[in-house]
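The report that follows walks through one protein model, beginning with a helix and moving on to a sheet. Please keep the sequence and the structure in view while reading.

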Amino acid sequence: MAGNTTFTMIKPQAVADGNMGNIIAKIIDGGYTIKALKFTRLTKEQAMKFYAVHKDRPFYSHLVEFMTSGPIIAAILEKENAVEEYRKYIGSTDPANAEPGTIRALFATSMEKNAVHGSDSDENAIIEGNFFFSEFERF
Ligand code: ATP
Ligand code: MG
């Protein structure tokens, strides 16, 4: 059965562009409940660990550099079938292919600087949420 929790990050470019408020408003408008929220900056070690599945891809080191280039927002979101629903809501990895009205269509500037992260499985949603939040930071 699909879980009801996902994890998201608003990436450094979207924060730097002044879109964190717009993106949080869009998330709430989409019917997601914010269970945890944090404004922070990834260390190189954290970014390498977070994207370790891509460690052999050619874009990995640039991605780590980008993800550590400025602060991010991390959040745990709740909605029925959250992982699948949220990935549809943010749109394709490449904003050129993202459906109009999706978060990436609205706020991404490139394949790398694609505004937000969304977990790709229930298992990863739990791992990623635990990466950023203690039980005392969840509501
Ligand atoms: P995310 O995991 O951030 O939600 P995603 O699941 O849509 O994105 P992944 O394949 O997991 O996409 O890639 C992780 C991130 O790596 C992408 O969001 C993007 O920032 C970057 N990325 C992926 N493919 C490329 C590429 N070909 N060139 C540059 N950056 C890329
Ligand atoms: Mg991914």
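## One face of helix 4

In helix 4 (residues 60-67), the buried residues are Tyr60, Leu63, Val64, Phe66 and Met67, where buried means under 20% relative accessible area, exposed means over 50%, and partly exposed lies in between (1.4 Å probe, protein chains only). Seen down the helix axis, these buried residues of helix 4 fall within an arc of 160 degrees, so they line one face of the helix; the arc is that of the directions from the helix axis to the C-beta atoms. An α-helix has 3.6 residues a turn, so residues three or four places apart point the same way.

Ser61 and Glu65, on the other side of helix 4, are exposed. What covers the buried residues includes strand 1, helix 1 (12-16), helix 3 (44-50) and strand 3. Helices (H or I, at least four residues) and strands (E, at least two) are DSSP runs, numbered from the N terminus.

## How the model is described

This is a predicted model, in which local features need pLDDT of at least 70 and side-chain atom pairs count only at pLDDT 80 or more, while totals for chains, interfaces and linings use all residues. Residues are numbered from 1 along each chain as its sequence is written, chains are lettered from A and ligands numbered from 1 in the order in which they are written, and side-chain values use heavy atoms, leaving out hydrogens and water.

Four strands form an open sheet in the order 2-3-1-4, with antiparallel pairing; two strands pair if DSSP finds at least two bridges between them. Strand 2 (33-40) and strand 4 (116-118) are the edge strands, each pairing on one side only.

Strand 2 and strand 3 are joined in the antiparallel sense by seven bridges, and here isoleucine 34 stands opposite leucine 77 in strand 3. Six bridges join strand 1 to strand 3, again antiparallel, with threonine 5 opposite glutamate 78 in strand 3. Strand 1 (residues 5-10) also pairs with strand 4 over three bridges, and methionine 9 has histidine 117 in strand 4 as its bridge partner. Of the seven residues of strand 3, six are buried, which leaves this strand mostly covered.

## After helix 7

Serine 134 is placed in the segment after helix 7 (122-132) and is partly exposed, with a relative accessible area of 32%. Although serine 134 and alanine 36 are 98 residues apart along the chain, their C-alpha atoms are separated by 9.5 Å.

Conventions:
Contact = heavy atoms within 4.5 Å.
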